[in-house]
Amino acid sequence: MQIDTQPTRATARPAPERLPAGGAVIIATLLVSAFVVILNETAMNVAISTLVADPVLDIDERAAQWLTTAFLLTMAIVIPITGWLMARFTTRTLFVAAMTAFVVGTVLAGVAPSFPLLLLGRVVQASGTAVVFPLLMTTVMQLVPPARRGAFMGTISLVMSVAPALGPTLSGTILQFASWRWIFLGVAPLALVMLVVGARSLKRGTAKHPPHLDVVSIPLAGLGFGGLVYGLSLIGAADLPAWQLPTALGVGVVSLALFILRQRRLQRTDDALLDLRTFRHPLFTAAVVVMGLAMAAMFGTLIMLPLILQDSMGLEPVQVGLITLPGALLTGLLGPVVGRLYDRFGPRPLVIPGALVILTALVLYTQLHISTPWYVVLAMQVTLSLGFAFTFPPLFTVSLGALPKHLYGHGSAVLSTVQQVAGAAGTAAFVTIMATRQAQLVAEGVASGEALLEGARIAFMGAAALWTVGVVATLWLRKPADVVPDEREHVEQAGAAA
């Protein structure tokens with residue numbers, strides 16, 4: 001992908017730590033846009049009961065849950081192809097298309113007279129959201145000098161942490177005073193403003209060496225990643241046909257295997273939809289492993305904690321939001337600080353202590369009881385968030401910094417895909433372990449709330465045991481070189497020498 005900025009004027013003294021002309025405006029535009037689209041991603045989490053009660057929609061809870069499931073499925077299908085899109089189209093073209101899709105989907109969802117149109121609006125929303133975040137990460141890697149990448153990636157982690165946490169809080173506030181439609185209609189004007197600003201500030205340009213589009217890879221990616229995420233989302237669900245879960249997971253696994261084989265063949269001619277040569281770089285692979293485990297732990301905890309607080313400890317939804325919000329805000333606010341520390345000291349002094357703090361918090365969660373005071377749970381959540389705050393910015397920077405420039409787009413797509421799949425896997429694992437143990441204890445006569453809490457404790461034990469792999473993997477992390485050689489140049493040089 002070519003970044004559409006004007007080159008800086010030549011000066012007598014080089015300034016390797018300065019952004020190119022117009023770079024700050026581009027990054028700021030993408031950051032705010034990413035915040036807007038991610039804010040709406042979690043907006044439906046607290047609106048399920050309100051939607052079920054709306055006579056116009058006439059749906060049950062399972063149908064309402066599809067507003068979140070369809071959003072995640074669309075993300076899982078679109079994100080893997082963003083690497084190809086960024087190589088084929090310019091930054092401006094992709095940004096305008098993504099934000100236009102988000103605005104159209106948001107307005108459609110806000111005015112939808114029926115549930116099918118509301119669901120369609122969420123799908124269109126997600127197709128735009130899926131492009132914005134990988135586009136932001138790739139642009140930062142291409143515009144920001146290596147010495148300052150940590151600080152900028154820390155700012156990205158602020159967006160990634162604060163926006164999902166504010167989404168449910170903002171939606172809950174809107175639902176107290178207005179219709180659920182304002183969850184969408186209130187965001188649409190801000191998204192439209194960012195679309196106009198981006199269309200005016202991003203420069204026109206042309207993409208160089210557009211890759212060939214392999215029509216076979218697209219359905220394989222959709223069935224592979226979409227089937228896997230959908231299958232994982234079904235784990236633990238009640239009243240499902242016996243064939244549905246194994247079919248979804250089977251289609252996902254088989255399609256994903258065929259997709260990988262297809263990409264390995266196509267990447268020989270640089271025509272892969274998702275270039276898997278990113279995994280030839282050990283630093284990238286190690287960072288992705290830690291990132292996947294961290295995302296599974298984070299999403300699993302986020303889905304489990306509200307259940308514990310409401311069903312076992314009897315807290316109200318507003319109280320749950322107030323307990324989970326400080327940790328998310330802490331993660332976001334510390335992001336830029338941790339990023340600057342990365343630029344100065346590298347990843348290991350940050351990631352290794354952060355990983356140990358996460359492990360400590362997961363172990364503390366295994367000690368929860370019905371009588372545990374709410375402020376103790378708040379302290380546990382803040383501790384967990386502190387660990388993530390010191391982990392995510394260095395992981396983003398190390399992973400993409402370990403790649404040559406031509407793989408930035410594909411690396412961003414891989415990272416975003418891993419986040420989606422790992423999040424779904426973490427949620428499925430936590431819910432399955434909790435629900436299985438709860439059902440066993442309820443059958444033995446244990447109260448439902450206590451049984452749920454016992455199941456949650458076992459889930460946290462499993463998460464802590466698995467996270468030890470992430471702790472060990474952090475020992476392989478180090479700061480990548482400022483310039484990573486392009487392996488294609490070595491192949492060409494070897495061929496010329498032969």
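Arg457 and Glu454 form a salt bridge, with 2.5 Å between the closest N and O atoms, where a salt bridge is a side-chain nitrogen of Lys or Arg within 4 Å of a carboxyl oxygen of Asp or Glu. These two residues are separated by about one helical turn because they lie three residues apart in helix α18 (residues 448-473). Arg457 counts as buried, at 9% relative accessibility, whereas Glu454 is partly exposed, at 23%; buried means under 20% relative accessible area, exposed over 50%, and partly exposed in between, with a 1.4 Å probe and protein chains only.

## Basis of the model

This is a predicted model, in which local features need pLDDT of at least 70 and side-chain atom pairs count only at pLDDT 80 or more, while totals for chains, interfaces and linings use all residues. Residues are numbered from 1 along each chain as its sequence is written, and side-chain values use heavy atoms, with hydrogens and water left out.

## Confidence

The mean pLDDT of the chain, pLDDT being the predictor's confidence in each residue from 0 to 100, is 83, and 90% of the residues reach 70 or more. Confidence is highest in helix α14 (residues 348-365), at a mean of 94, and lowest in helix α19 (residues 487-497), at 46.

Over residues 1-16 pLDDT stays under 50, although the model has 34 contacts beyond four places in sequence for them, a contact meaning heavy atoms within 4.5 Å. Over residues 489-498 pLDDT likewise stays under 50, and the model has one such contact for that stretch. Where pLDDT is low, the predicted coordinates should not be read in detail.

## Overall architecture

The chain has 19 helices and zero strands, helices (H or I, at least four residues) and strands (E, at least two) being DSSP runs numbered from the N terminus. Of its 498 residues, 53% are buried, and among contacts between residues at least 6 apart in sequence, 82% join residues at least 24 apart.

## Nonpolar cores

A nonpolar core is a set of buried Ala, Val, Leu, Ile, Met, Phe, Trp, Tyr and Cys residues joined through side-chain atoms within 4.5 Å. The largest one has 128 residues, of which Ile308, Phe392 and Trp467 touch the most other members. Helix α12 (residues 282-312) gives the most to this core, with 16 residues. Apart from this core lies another, of 17 residues, including Ile48, Ala64, Ala109 and Trp180.

Beyond its neighbours within four places in sequence, Trp467 is in contact with Val290, Leu293, Ala294, Ala355, Ile358, Leu359 and Leu362.

## The salt-bridge network

The structure holds five salt bridges, and a network of them links Asp270, Asp275 and Arg277. Arg277 pairs with Asp270, the closest N and O atoms being 2.4 Å apart, and with Asp275, at 2.7 Å. Arg277 is buried, with a relative accessible area of 6%, and Asp275 also counts as buried, at 4%, whereas Asp270 is partly exposed, at 31%.

## A nonpolar surface patch

Leu213, Val215, Val216 and Ile218 form a nonpolar patch on the surface, together with about 300 Å² of accessible area. Patches are made of residues with over 30% relative accessible area and no salt bridge, with like charges joined within 9 Å and nonpolar side chains (Val, Leu, Ile, Met, Phe, Trp, Tyr) within 5 Å. Ile218 lies in helix α10 (residues 217-234) and is partly exposed, with a relative accessible area of 36%. Accessible areas come from the Shrake-Rupley method with a 1.4 Å probe, and for residues only the protein chains shown count as cover.
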